[in-house]
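Reader: Before we talk about how the parts of this fold are arranged, could you show me the sequence and the structure?

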Amino acid sequence: MAAHSNIVGGSTAKRVIACPGSVKLVQQMPPRPSSRYADEGTLCHTIMEAVLTRDVQPEEFIGDTFGSATATQDLIETKIRPALEALSVIDPNWDMTYECEAVVGFGDALPGVFGSADLVGRLGDTAIVLDWKFGDGVDVSVKENPQAMFYAAAAMRTPKVAWAFKDAKHVECVIVQPTAATPIKIWTTTPDRIRAFERQLFAAVKEAMGPDPSMQTGDHCRWCAAKPVCPLLTGAVDRALKTSLQVLNTTQLAEMLEQAPLIEDYLSEVRALAYQMLENGVSVPGFKLVQKRATRQWINADKAQAALAALGLDETELTETKLVSPAQAEKALKKRKIELPDELVVAVSTGTTLAPEKDPRPPVLQIGRQLAAALGKIV
């Protein structure tokens, strides 16, 4: 997979447009270490590219690794196969001409800004820009998605794939996310809308490279690497810590709750940055790395079991078994194409949690009867 621009790319377009001042801050931050989730995503993209451009089957990659991720049969069944099947929904007759993992950019119009588009294609009078999402967490929306529009705008200016947009009447931005509630999301727009986004992007990058770019907090801060050094977020944390709870009214409390996820993300990033610095030998005054609490474990489980049996412990004292969870049972049944019987399970909340008013779940006072009914099923 190709590298991405350190000025702005598909995944950072939303943040740069909303907060041009974040660009220079992010460039000052040390590189983030990769994670198992990022490694798995890269591995999945590599497999998809190979399957779509070469005469190979996904199972041929079982055992391959990238970083901390390994291609398993489960990965093929739950992510790769569903992603491939999604293409047959988008293009049932397999008429689409496409290019995979195309490096797209803006040329002289925006030097140094580029990215890697997962798939750029043409079907009839429609240009298609498709993005694979293999994560299990956030359910990504496609409508007015800045990442999708970034790749579409860059592809329109890239000679290698510009043919997909020649005389196109429509542009389809597609997100395929196998583990999401809605695995295939399509937003149909126009080349003019993509050009309007491009103008917005150009203006943001120009401002970001200027002497005094503007800054703005919002949900785009969630994935920003510069959270630990952002002056806006630092100020938000300071104000939250210094305000006396005793004099807060409910309106102020609600406003602070709206900011809570942002502050929590900020604190998480601060801890991660300090940890990274200490791991690399950079001193952080007042802090150090220490070993986590040690827990005892068997050197060799089989030898330990035999030795304990010889000491007189019977099987019930040596081992323990428990029923698998409903989710594990459902997964096993799906392989046999059998549905999990509804009468065997009940969903019971572990307690209450704070949520915004717009959350679709009913207030806790309204669910007492539901909880009682659910508990009544348990015998």
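**Sheet and helix packing**

Author: Five strands, in the order 3-4-5-6-7, form an open sheet whose pairing is mixed; strands here are DSSP runs (E, at least two residues) and helices are H or I runs of at least four, numbered from the N terminus, and two strands pair if DSSP finds at least two bridges between them. The model is predicted, with local features needing pLDDT of at least 70 and side-chain atom pairs 80 or more, while totals for chains, interfaces and linings use all residues. Residues are numbered from 1 along each chain as its sequence is written, and side-chain values use heavy atoms, without hydrogens and water.

Reader: In strand 4, what is the bridge partner of valine 104?

Author: Strand 3 and strand 4 (residues 114-123) pair in the antiparallel sense over 8 bridges. In strand 4, the partner of valine 104 is glycine 115.

Reader: How are helix 5 and helix 6 oriented to each other?

Author: Helix 5 (residues 146-156) and helix 6 (residues 191-208) pack with their axes 9 Å apart, at an angle of about 100°; axes are lines fitted to C-alpha atoms, for helices over the stretch in contact, and angles run from 0 to 180 degrees between N-to-C directions. Angles under 35 degrees count as roughly parallel, over 145 as roughly antiparallel, 65 to 115 as roughly perpendicular and the rest as oblique. Helix 5 and helix 6 are therefore roughly perpendicular.
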